[in-house]
Amino acid sequence: MKRQNSTRAIFIASSLCCLFTCVLCSIIWMVISGVNWFGFIVLDLVFTVNAFLCGIVATSIQRMLSRLPTTIILYLGNIIPFGILFLISFCIATQDAEGWYLLFLIGWLIMSIIPVAVTSYIVNSRQTDTSE
């Protein structure tokens, strides 16, 4: 039963971590560019689908590599789906848009650290509370 609760906690934490990263990056990109990124329905849908994929990736990593710390599982689950999307977009982008995709990818990799640290702390403290 503990394994199922742990898997569910990782899925939920990774999905919330991804959504928090999306909000954080969108606010930063909005400040830099002056464009309200929350106004684009397609982008909001991509963020929601990405959150679901992050949960799936994180739980898959946890099942395959159960000895990895929660922080690394959440970080990998958070960066892999959107990283793949940005790399594919970079490869098919025009030359004037390539720099933007790389900027967004680097920003995503760096800004993911904050939500991962917060959600990892919450998951770890929750697991120690339930084990006592």
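**Group meeting talk: rings, cysteines and a surface patch**

Let's start with Tyr121, which sits in helix 5; helices here are DSSP runs of H or I with at least four residues, strands are runs of E with at least two, and both are numbered from the N terminus. Before I go on, a word on the source: this is a predicted model, where local features need pLDDT of at least 70, side-chain atom pairs count only at pLDDT 80 or more, and totals for chains, interfaces and linings use all residues. Residues are numbered from 1 along each chain as its sequence is written, and side-chain values use heavy atoms, with hydrogens and water left out.

Back to our tyrosine. Is Tyr121 buried or exposed? Tyr121 is exposed, because its relative accessible area is 61%. The cut-offs are under 20% for buried, over 50% for exposed, and partly exposed in between, with a 1.4 Å probe and protein chains only. If you look for Thr71, 50 residues away along the chain, its C-alpha atom is 8.2 Å from that of Tyr121.

Together with Phe20, Ile114, Val118 and Ile122, Tyr121 forms a nonpolar patch with about 510 Å² of accessible area. Helix 5, residues 113-131, gives the largest share of that patch, four residues. For the patch, residues need over 30% relative accessible area and no salt bridge; nonpolar side chains (Val, Leu, Ile, Met, Phe, Trp, Tyr) are joined within 5 Å, and like charges within 9 Å. A salt bridge here is a side-chain nitrogen of Lys or Arg within 4 Å of a carboxyl oxygen of Asp or Glu. The areas come from the Shrake-Rupley method with a 1.4 Å probe, and for residues only the protein chains shown count as cover.

Now, the aromatics. How many aromatic pairs does a search of the whole structure find? The search finds seven. Rings of Phe, Tyr and Trp (its six-membered ring) pair if their centres lie within 6.5 Å; planes under 30 degrees apart are stacked, over 60 edge-to-face, and the rest tilted. One of the pairs is Phe11 with Phe52, edge-to-face, at 5.8 Å centre to centre and 80 degrees between the planes. This pair links distant parts of the chain, since Phe11 belongs to helix 1 (residues 2-33) and Phe52 to helix 2 (residues 41-64), 41 residues apart. Phe11 counts as partly exposed, because its relative accessibility is 25%.

Another pair is Trp29 with Phe104: the ring centres are 4.4 Å apart and the planes are at 50 degrees, so this pair is tilted. Because Trp29 lies in helix 1 and Phe104 in helix 4 (residues 95-111), the pair ties together parts that are 75 residues apart in sequence. Both Trp29 and Phe104 are buried. They also belong to one aromatic cluster, along with Phe47, Phe82, Phe86, Trp100 and Trp108.

Cys18 is buried, because its relative accessible area is 0%. Cys91 is in no disulfide either, and its nearest cysteine sulfur, again that of Cys54, is 20 Å away. Cys91 counts as exposed, because its relative accessibility is 62%.

Thr7 is in helix 1, and Thr7 is buried, with a relative accessible area of 10%. Leaving out residues up to four places away in sequence, Thr7 touches Thr59, Gln62 and Arg63, where contact means heavy atoms within 4.5 Å. Ser60 is in helix 2, and Ser60 is partly exposed, with a relative accessible area of 32%. Last stop, Pro69: you'll find this residue in the loop between helix 2 and helix 3 (70-92). Pro69 counts as partly exposed, because its relative accessibility is 44%.

Definitions and conventions: A disulfide is a pair of cysteine sulfur atoms within 2.5 Å.
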